[in-house]
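Have the model open as you read.

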Amino acid sequence: MLNKIVIFGTGLIGGSFAAALRKAGAVRQIVGIGRTAASLQRAKELGLIDTIGTSMEEALHDADLVLLSVPVAQTESVLVAIKPWLQPQTVVTDAGSIKGEVVAAAERALGEKFAQFVPGHPIAGRELTGPDAAVADLYVGKKVVLTPLPQNAAASVARVADAWQQCGAVIHRLTVEQHDAVFAAVSHLPHLLAYALVDDIASKPHADLLFQYAASGFRDFTRIAGSSPEMWRDISLANQPAILNELDAYIAQLARFRALLAQRDGDAMQTMFSRAQQARSEWLRSLEEAEAQSQDRKQ
């Protein structure tokens, strides 16, 4: 049982974390802190938080756990603000999809209290945002990746892992470097490709005609281009080295495909398509199995 947790950002991710812990009976008091009073008030109305934090000192007093559910570019400023009031027993974690830059920011901001920061990343979400999007079962059966630091005490890592497990999540561990390389490939690059495609179509002189005939395939491929531009700007800059590596690899793959198309090498093109189709089918099967297990846990 956590006595008190403080959540910076009470939207989908932070709000669902609060709702899940409350549903599990794993926390006595939840304090919410955020950028807008309206969002915090709504989180309180929905029962996601008990108290709106107005004083950093008071909010952090006797806190067991602090979750930063804010854009990665805001991580350092939040940590700077909480450092003077961060007590020795308090563990801080985050929900950012970048770890290298976040860890560097934490080290700069927290100094001698750096060991109290345990980096984390829940792999879950919905297209909706804000406190109204929060659901208690968002993390059931979903992965949460922790990237523990050499400076972290085992008890601090265990506290963060246990909190996520109380939410129904499955804990995975990677190094900071592994994390950023993996998500550059399977998350960050796809988002950038979707943005680039839509921007390319929109910039053409006959864009209206093209969008008129864009159907479900275009919609599905570009769905993630509806995400927050501010957030993806921050992610791109924060994970620049890993994303550049993935972009270079993808550009090389496109060049290989262009050569096959220019040569009208249908057999080689079909081989590429078949290989991709098989890999995707196997991935989908693994997702379906995981989803079935998740449903069993919810029941």
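Which side chain meets Glu112 in a salt bridge? The partner is Lys83, at 3.3 Å from N to O. Before going on, note that this is a predicted model, where local features need pLDDT of at least 70, side-chain atom pairs count only at pLDDT 80 or more, and totals for chains, interfaces and linings use all residues. Residues are numbered from 1 along each chain as its sequence is written, and side-chain values use heavy atoms, with hydrogens and water left out.

**Salt bridges**

A salt bridge here is a side-chain nitrogen of Lys or Arg within 4 Å of a carboxyl oxygen of Asp or Glu. Searching the whole structure turns up 10 salt bridges. (Helices are DSSP runs of H or I with at least four residues, strands are runs of E with at least two, and both are numbered from the N terminus.)

How open are these two? Glu112 is exposed, with a relative accessible area of 63%, and Lys83 is partly exposed at 22%. The cut-offs are under 20% relative accessible area for buried, over 50% for exposed, and partly exposed in between, using a 1.4 Å probe and protein chains only.

Here are salt bridges from the search, including the one above:

| Pair | N to O distance |
|---|---|
| Glu112 and Lys83 | 3.3 Å |
| Arg108 and Glu101 | 3.4 Å |
| Asp200 and Lys204 | 3.6 Å |

**Aromatic pairs**

The whole structure has 4 aromatic pairs. Rings of Phe, Tyr and Trp (its six-membered ring) pair if their centres lie within 6.5 Å; planes under 30 degrees apart are stacked, over 60 edge-to-face, and the rest tilted. One of them joins Phe211 and Phe218: the centres are 6.0 Å apart and the planes at 75 degrees, so this pair is edge-to-face. Phe211 is partly exposed at 34%, and Phe218 is partly exposed at 24%.

Phe257 and Phe273 make a tilted pair, because their planes are at 45 degrees, with the centres 5.8 Å apart. Phe257 is in helix α11 (residues 240–262) and Phe273 in helix α12 (residues 266–298), so the contact ties together parts that are 16 residues apart in sequence. Phe257 is partly exposed at 23%, and Phe273 is partly exposed at 46%.

Ring pairs also link Phe17, Tyr139 and Trp164 into a cluster.

**Helix α6**

Trp164 brings us to α6, where it is one of the buried residues. The helix (residues 154–166) has 13 residues and reaches 18 Å from its first C-alpha to its last, close to the 18 Å expected at 1.5 Å a residue; that expected span is 1.5 Å times one less than the number of residues.

Which residues of α6 are buried? They are Ser156, Val157, Val160, Ala161, Ala163 and Trp164. These cover an arc of only 155 degrees around the axis, so they lie on the same side of α6; the arc is that of the directions from the helix axis to the C-beta atoms. On the other side of α6, Ala154 and Ala155 are exposed. After α6 comes Gly168, whose phi is positive, near 95 degrees.
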